[in-house]
Amino acid sequence: MSRKEERNLFAYGPITAKDEIINVALPGGKVSEYLLTDEYETRVIDRKFGYYPDPRVLIPQTQNMDVYDDDIFVCAYPKCGTHWVWEMCQMLVKGEAEYHQKAKESCMMEFHLPEDYKDLQRPRIFNTHFTPRCLPKKIRDKNCKMILILRNPKDIFTSLYHHILVTKSMDQNFDFSQFLQYTFENNRDVSSNWFFYNKRWSEFVSSTDQPVLILNYEDLKTNLIECLSEIGQFIGYPRDLELLKEIEDKCTVSKMREVEKRRDSGTEVSTGERISNLYRKGVIGDWKNHFTVADNERFDAFLKENMEEKHSLQTFKQK
């Protein structure tokens with residue numbers, strides 16, 4: 001499957017009998033077809049526009065792509081601060097508090113085939129919402145550094161709810177409680193299922209000597225200087241306090257929201273203006289403004305039931 005050069009879009013092959021297609025009931029009652037590829041799912045209707053690579057090509061090519069020993073992978077479930085930490089890493093590597101000329105989507109693994117990375121300057125800093133299984137297999141051989149960001153799931157789903165409303169990626173005739181019910185019903189073995197995603201990363205971290213730095217979103221919000229110092233040391237680019245403070249200032253939500261409006265999104269998936277709209281509050285505990293008492297009780301019970309102790313990263317901060 002090659003790109004359509006004249007519009008910089010991806011060709012999308014036909015659905016065949018070998019493909020696993022399921023119908024998913026979205027909040028609000030709408031039903032959508034999803035294509036399952038390994039531990040990754042995509043809406044069939046979205047892929048037909050050519051903005052994303054065909055997942056049946058993307059996943060195996062990504063799994064088998066070559067990597068360098070200085071490649072850095074920023075990994076997180078959606079709405080955990082992927083944009084934020086990726087930008088910080090770029091500044092730490094460059095040694096200056098200047099924004100990257102393109103948005104993080106330019107290095108997001110879900111949006112590009114490996115051939116797109118051939119001209120990236122080393123060290124390459126990737127970001128992704130993939131489970132470990134969908135990442136390059138050679139990461140282990142090259143001992144690449146990986147950063148995994150965790151966040152209180154209640155804040156994740158609060159932010160994700162607003163993300164979906166802004167992007168209009170689902171039928172919008174639903175409220176927050178209905179959206180929570182949708183998350184409870186997602187028992188598919190794919191990365192969109194937070195519980196499955198958490199399990200897969202827990203298994204990976206506990207079974208490998210791979211250098212993995214686990215960050216909490218809450219720590220990034222309350223003590224960013226210390227976290228920046230830790231990230232710099234981990235990726236091999238320690239920086240002085242003066243630069244860390246400059247990076248802290250440049251990486252506020254309001255300033256990053258503004259810079260996204262002006263820079264190249266790096267992908268056909270979205271525009272800089274649209275990416276800018278995805279920056280909302282970026283605060284801790286906003287879930288308390290959305291969860292009813294009943295929602296909170298149901299979520300706590302569901303969390304307890306589905307978080308297997310031996311397969312869970314019990315390090316997110318409940319605030």
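Lys154 and Asp300 form a salt bridge in this predicted model, with 2.8 Å between the closest N and O atoms. A salt bridge here is a side-chain nitrogen of Lys or Arg within 4 Å of a carboxyl oxygen of Asp or Glu. Lys154 belongs to helix α5 (residues 153-167) and Asp300 to helix α13 (residues 293-306), so the pair ties together parts 146 residues apart in sequence. Helices are DSSP runs of H or I with at least four residues, numbered from the N terminus. Lys154 is buried at 3% relative accessible area, whereas Asp300 is partly exposed at 33%. Buried means under 20%, exposed over 50% and partly exposed in between, with a 1.4 Å probe and protein chains only.

The structure holds 13 salt bridges, including these:

| Pair | Closest N and O atoms |
|---|---|
| Asp54 and Arg56 | 2.7 Å |
| Lys154 and Asp300 | 2.8 Å |
| Arg200 and Glu203 | 2.9 Å |

Arg200 and Glu203 are 3 residues apart in helix α7 (residues 194-206).

The chain's mean pLDDT, the predictor's confidence per residue from 0 to 100, is 87. Over residues 1-7 the pLDDT is below 50.

Residues are numbered from 1 along each chain as its sequence is written, and side-chain values use heavy atoms, leaving out hydrogens and water. As the model is predicted, local features need pLDDT of at least 70 and side-chain atom pairs 80 or more, while totals for chains, interfaces and linings use all residues.

Notes: Contact = heavy atoms within 4.5 Å. Helix = DSSP H or I, 4+ residues; strand = E, 2+ residues; numbered from the N terminus.
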